[in-house]
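Hi there,

Here is the structure I promised to pass on to you. Have a look at it first, and then read my notes below.

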Amino acid sequence: MAFTILRLALALLVAAVSTQALKRDGRALGSASLRSPLHRVEVEDPKTVTHTDGTALPPYDTVYYFDQLIDHSNPDLGTFQQRYWHTYEFYEPGGPITLFLTGETNADGFYGYLTNGTFPGQISQQQQGASIVLEHRFFGESNPYSDLSESSLEVLTIQQSIDDLEYFARNVNLPMPNGANLGPDKAPWILVGGSYGGALTAWTMVNKPGLFYAGYASSAVVQASTYFWQYYDIIRQFMPQNCSADVQAVIERVDATFTSGSSAEIDDLKNNFGLQDMTHLDDVASALRFNFGSWQDLTPYSDETTGGSAFFDFCDALEVKDGVSSDENGWGLEYALPAWGNYWKTTYYPSICGGANAEDCLGTYNPNAYTSTAVDNWVRSWEWLICNEMGFFQDGAPSGTPTIVSRLLSPVYEERLCTYYFPNKFSTATDPRADATNTAYGGWDLNVDRLFFANGKRDPWRDATTSSDSHTRESTGLMPVAESDGFHCTDLISEAGELDDTVRAVQQQALSSLAAWLGAWQPAEQDESERRGRRRSAKFSPGR
Ligand SMILES: *[C@@H]1O[C@H](CO)[C@@H](O)[C@H](O)[C@H]1NC(C)=O
Ligand SMILES: *[C@@H]1O[C@H](CO)[C@@H](O)[C@H](O)[C@H]1NC(C)=O
């Protein structure tokens, strides 16, 4: 895959994501927590797919539909069409079926995850398997009902989404030779996902023991939590330290002024960022955390030199004075405050709000702004999942811990939005059922055989993964936990492994674990004599 093409695609994607992420129901996003996590991977010629034996196969972008149950606890309600993409370019009889979960996004354009430009595609190539990319219920065009009203969303739960995977695996008639006879009792299925999709991978293997033979969970956020301040704490620790120091100084001033400054001091500070028209101080404080949102989009191929990231533009604005960078202590508040303000007014605000009024663009207090129930609105569907079951509200650190985000922001800020989106479900700001989710699916303490966890040291979501600083899981042979220097879901991209040895090492370790596990696979429902006769041998060719 050409480098430049991928980079261009990513640049376009990041642009698309920021527009989408910053507009909800025609207004700006009030919570910086909402970014669609997976990078799309461009395929140079999606129309031309050839089996390793030379046969022409359907294009990667062919859309297939599966009749999925609307409600697994009430099958009489019927079915809806769930979209998926599929190829068997590397498949040989006996090979595995790799099922990739796109999670909380419209899966259009994610067929790149069928190809060996991504890790799930590498699994299929190495193991001579077939590949599937499956859209999550209530995202994109996979909708049980024609709207995202609260009554429709009652069947948007983690458990229904897990049940979808079982029903799909057991009943799908795959568009390939013998495709009706490749269920998980006849072929080893490998579940793969990143971020929430990675958590779903792990939670499914906990909830449906033995259904999926093996799994690969990238940056899997297995531990739900309401108050997820650690998200920004990872960024604080791993961002350029001069920028981190100066941001902390500015935020300390913001908090002191907004909690106990005079009204003239408060007005001055709002003016500094050109946000004098905003009504609510917590909205002003929230807007400032938008500058850190692009950190999770970083990859080994987006750094300062490749001009890939808004994050570095932001830090350069604070730290480069007359062509000179500050040392690791930063320039201090007196320089950083106006420098950040200037960057906001001249560069950042126009990029996210254009010419719009600040209250219209960034304010979150108008309950009427969240009422659209049109389908294919990933922000609304994701809000439903986090407001109910996961939380992950990314706020300021508790006092006593350094912070790059205002302490005015606590889960109540996001829970208020839940009451606007779903007024019948949440009449008051309520904590999500994160504890119940962790109890049901194991959280940090889950144990499952043949599940590989791939995490990134600089991933802002790392504290919700099995590589959390506060709850690091020991890596074992049957549940390996591997950490690269990467960011969020970095290891899902093949090219990231070509550029970063630590990412490559994780990918290679996972490929050998999977090869060893698959070598021992046996079909479930055969008697012992048949089983002995048909045992597969491992298909593993180390290196590339
Ligand atoms: C993908 O497969 C092709 C051959 O089909 C190979 O040339 C290429 O190196 C592979 N890429 C990766 C990243 O494994
Ligand atoms: C200081 O900031 C500049 C500009 O963002 C960055 O390139 C550099 O790595 C930083 N240096 C330190 C020591 O933090």
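**The disulfides**

The link of C243 and C315 is left-handed, with -85° about the S-S bond. These two cysteines sit in distant parts of the chain, 72 residues apart: C243 in helix 7 (residues 241-260) and C315 in helix 10 (residues 310-319). Helices here are DSSP runs of H or I with at least four residues, and strands are E runs of at least two, numbered from the N terminus. The sulfur atoms of C243 and C315 are 2.1 Å apart.

In general, a disulfide is a covalent bond between the sulfur atoms of two cysteines; the cut-off used here is sulfur atoms within 2.5 Å. How many disulfides does a search of the whole structure find? It finds 3.

Another one joins C353 to C361, S to S 2.0 Å. Its torsion is about -80°, so this disulfide is left-handed.

C387 and C418 form a disulfide too, with sulfur atoms 2.0 Å apart. Because C387 lies in helix 13 (residues 378-390) and C418 in helix 14 (residues 411-421), the pair ties together parts 31 residues apart in sequence.

Both C387 and C418 are buried (under 20% relative accessible area; exposed is over 50%, partly exposed in between; 1.4 Å probe, protein chains only). C489 is also buried, at 4%.

**How to read this**

This is a predicted model: local features need pLDDT of at least 70, side-chain atom pairs count only at pLDDT 80 or more, and totals for chains, interfaces and linings use all residues. Residues are numbered from 1 along each chain as its sequence is written, chains are lettered from A and ligands numbered from 1 in the order written, and side-chain values use heavy atoms, leaving out hydrogens and water.

Happy exploring!
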